[in-house]
Amino acid sequence: MKILVAYETGHGTTAEIAEAIGEVMREAGAEVDVARCRKVEDASAYDAFVVGSPIWAYKWLKPATAFLKKNAELLCQRPTAIFLTSGAAAEAKGRQMAMDKWVPKILSAVPDLEPVAIGNFAGVLSFPKYNIPMRLVMMAICKSQGAPTSGTVDYRDWDEIKAWAAEVHAEFSRRWGQ
Ligand SMILES: Cc1cc2nc3c(=O)[nH]c(=O)nc-3n(C[C@H](O)[C@H](O)[C@H](O)COP(=O)(O)O)c2cc1C
């Protein structure tokens with residue numbers, strides 16, 4: 001089974017999550033490519049897909065949404081899982097909000113897509129990496145969500161991410177009868 005883990009990232013957090021997902025699937029016996037959405041020219045050789053992006057200003061990054069739209073037919077025909085990374089998912093209320101508000105928005109790009117799984121992961125807040133306009137936006141967002149407004153906080157739960165990847169791999173294998 002050949003799997004593509006396609007991701008977008010602004011500051012690298014989601015790239016590292018995508019690599020970790022790919023590694024779990026490789027260890028489980030799949031052939032896996034991990035690639036940035038904007039760099040994937042032809043996705044037709046893959047049997048299953050994982051597509052992920054951080055939430056920036058309440059949405060997936062544009063190249064990730066463009067990837068969904070461009071490959072809509074393939075993704076609807078073959079098992080596909082999606083994931084999102086956000087600051088909000090660091091706490092239960094924000095995680096639920098991400099599921100209720102942002103996931104439907106992501107999926108509205110491809111209404112026929114029925115993901116086999118949706119990963120809703122907490123990411124990293126890293127104020128020193130943000131330029132001034134970004135910092136102001138993030139301070140406002142974080143303040144409204146009761147999250148930290150300075151410094152760097154890594155909320156990623158690697159056990160959760162790896163367990164999700166193992167479950168998704170098992171589901172892909174089941175669907176391909178392997
Ligand atoms: C400009 C900007 C906007 C963001 N907007 C949101 C947001 O609307 N909601 C949220 O929960 N997190 C938001 N975040 C936090 C990111 O989702 C989080 O930092 C994630 O780990 C970023 O992943 P990346 O390093 O792959 O870009 C934002 C981060 C940045 C830099």
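How many residues does helix 5 have, and how far does it reach from its first C-alpha to its last? Helix 5, residues 132-144, has 13 residues and reaches 18 Å, close to the 18 Å expected at 1.5 Å a residue (the expected span being 1.5 Å times one less than the number of residues). Helices here are DSSP runs of H or I with at least four residues, strands are runs of E with at least two, and both are numbered from the N terminus.

A word on the numbers. This is a predicted model, in which local features need pLDDT of at least 70 and side-chain atom pairs count only at pLDDT 80 or more, while totals for chains, interfaces and linings use all residues. Residues are numbered from 1 along each chain as its sequence is written.

Taken as a whole, the protein chain has six helices and eight strands, and they run in the order β-α-β-β-β-α-α-β-α-β-β-α-β-α. The C-alpha trace spans about 45 × 30 × 30 Å along its principal axes. The radius of gyration of the protein chain is 16 Å, which agrees with the value near 16 Å for a compact globule of 178 residues; this radius is taken over C-alpha atoms, and the globule rule is 2.2 Å times the number of residues to the power 0.38. Among contacts between residues at least 6 apart in sequence, 80% join residues at least 24 apart, a contact being two C-beta atoms, placed from the backbone, within 7 Å.

Next, the ligand. It is surrounded by 23 residues, and the closest are Gly10, Thr13, Thr14, Pro54 and Gly123; a residue counts as near if its C-beta atom, placed from the backbone, lies within 6 Å. Helix 5 gives the most to this shell, with four residues. At least two residues each come from helix 1 (13-27), strand 3 (48-56), strand 5 (80-86), strand 7 (124-126) and helix 5. Sorted by class, the shell holds 13 nonpolar and ten polar residues, and no charged ones. For that count, Ala, Val, Leu, Ile, Met, Phe, Trp, Tyr, Cys and Pro are nonpolar, Asp, Glu, Lys and Arg are charged, and the others, Gly among them, are polar.

What about the inside? Buried residues make up 36% of the 178 in the protein chain. Buried means 20 or more other C-beta atoms within 10 Å of the residue's own, exposed means 12 or fewer, and partly exposed is in between, with C-beta atoms placed from the backbone. The largest nonpolar core has 41 residues, and Ile3, Val5, Ala6, Ile21, Phe49, Val50 and Val51 touch the most other members. Elements giving two or more residues to this core include strand 1 (2-7), helix 2 (62-70) and helix 6 (158-175). Such a core is a set of buried Ala, Val, Leu, Ile, Met, Phe, Trp, Tyr and Cys residues joined through C-beta atoms within 7 Å.

Leaving out residues up to four places away in sequence, alanine 6 touches Ala35, Cys37, Val40, Phe49, Val51 and Phe67. Phenylalanine 67 sits in helix 2 and is buried, because it has 28 C-beta neighbours inside 10 Å.

The loop between strand 3 and strand 4 (59-60) holds alanine 57, a non-glycine with a positive phi of about 50°. Alanine 57 counts as exposed, since it has 9 C-beta neighbours inside 10 Å.
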